[in-house]
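Dear colleague,

Please find below the structure for your review, with a summary of the findings after it. I would be grateful if you read the two side by side.

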Amino acid sequence: MTMLRAGSRHRQVTAPASDALWLVKVTKTHGTGDSAVTALDGVSLRLRRGTFTAVMGPSGSGKSTLLRCAAGLDRPDRGIVRVDGVEMTGGTEAELTRFRRDRIGFVFQDYNLLETLTVAENTVLPLKLAGRSVVPERVQEVLHLVGLGDRLRHRPDQLSGGQRQRVAIARALVTEPRVILADEPTGALDTRSAREVLRLLQEAVRVHERTVVMVTHDPVAASYADAVVFLADGRVAGELRQPTADAVAERLAHLGDDVPAEV
Ligand code: ADP
Ligand code: MG
């Protein structure tokens, strides 16, 4: 069922239900005139439901813009984004916001938690914003899933970075979105916390059939995914299935001279 009005520019297409996210020739330019930067230059990407994809590439290659376009946080200049077979591009801001809330969860590198709210309150925020009912058992369940069942009343400043990111993941999971987009979710975490976060994302895919797209600089993090898509200069520069950390590092080394220093 689509939440969008008939006759709106969002329309059901005859895409197989197995396609969770489908980008067709997406182009996005930031800024205008002399300062215009083409962040994405005709990117096409088709991801099946229940897959875990890592996106890698040099700094400035368009990874965050790709995620933001896929999430409906940025509007492409050209091209089409379909989530669950429904076109997201086009439509009003209000339609887009609603679409995003129903179908997409987003996880940021810096967690984006509200410091004045408790763990439980942060977690249910997307439900509140969408006007959906909040079932206490569901909140308990989702926080239990991320290993924070005993921290409901804590505030973010009482948690470690890894715990904060797990709250952010709980918040992304609580609406049961089809697609979860994570922009360097382990970028600020120590190895052990990173591993916990990666396992949770993997579990969301394997157990709950969500579709996860994760930007990362770390070949080890990328090896948790089913496939890696490489970006360079706003274009898809290759793909690696069943990635091992070594194979990813090797491929990155050959992507260009401006591979980020931390790789
Ligand atoms: P990545 O995440 O791979 O580092 P981004 O998608 O953030 O790349 O950026 C791609 C390009 O677009 C970069 O050149 C960046 O400077 C530019 N860019 C990104 N966001 C903006 C913005 N809001 N305004 C202007 N330029 C931007
Ligand atoms: Mg980025």
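Leu21, Leu23, Leu45, Leu66, Leu67, Ala70, Leu181 and Val213 line the second largest cavity of this predicted model. Strand E1 (19–30) and H1 are the elements that give two or more residues to this lining, and the largest contribution, three residues, is that of H1. By class, the lining consists of eight nonpolar residues, with no polar and no charged ones. The space inside amounts to about 30 Å³.

In total, two cavities of 30 Å³ or more were counted. The largest cavity holds about 50 Å³ of space. Its lining is made up of Cys69, Gly72, Asp74, Arg75, Pro76, Met88, Thr89, Gly90 and Leu96, which divide into four nonpolar, three polar and two charged residues.

The remaining findings concern ligand 1. Around ligand 1 are His30, Val37, Ala39, Pro58, Ser59, Gly60, Ser61, Gly62, Lys63, Ser64 and Thr65. Of these shell residues, three are nonpolar, seven polar and one charged. The following distances to ligand 1 may be of interest:

- Gly60: a backbone N or O atom is 2.7 Å from an oxygen atom of the ligand.
- Lys63: an N or O atom of the side chain is 2.8 Å from an oxygen atom of the ligand.
- His30: an N or O atom of the side chain lies 3.4 Å from a nitrogen atom of the ligand.

Taken alone, ligand 1 exposes 560 Å², of which the protein buries 58%. Strand E2 (37–48) and helix H1 (63–71) each give two or more residues to the shell; the largest share, three residues, comes from H1.

With kind regards

Key
Residues are numbered from 1 along each chain as its sequence is written. Chains are lettered from A and ligands numbered from 1 in the order in which they are written. This is a predicted model: local features need pLDDT of at least 70, side-chain atom pairs count only at pLDDT 80 or more; totals for chains, interfaces and linings use all residues. Side-chain values use heavy atoms; hydrogens and water are left out. A residue is near a molecule or strand if one of its heavy atoms lies within 4 Å of it. A polar contact is a pair of N or O atoms within 3.5 Å; within protein, one must be able to donate a hydrogen and the other to accept it, and residues adjacent in sequence count only if both atoms are side-chain atoms. Accessible areas come from the Shrake-Rupley method with a 1.4 Å probe; for residues, only the protein chains shown count as cover. Helices (H or I, at least four residues) and strands (E, at least two) are DSSP runs, numbered from the N terminus. Ala, Val, Leu, Ile, Met, Phe, Trp, Tyr, Cys and Pro count as nonpolar, Asp, Glu, Lys and Arg as charged, and the others, Gly among them, as polar. On a 1 Å grid over the protein atoms alone, a cavity is a set of points where a 1.4 Å probe fits but cannot get out, and a pocket is an open set with protein on both sides within 12 Å along at least five of seven lines; lining residues have an atom within 4 Å of a point. Grid points are joined across faces, edges and corners, and a volume is the space filled by probe spheres set on the points.
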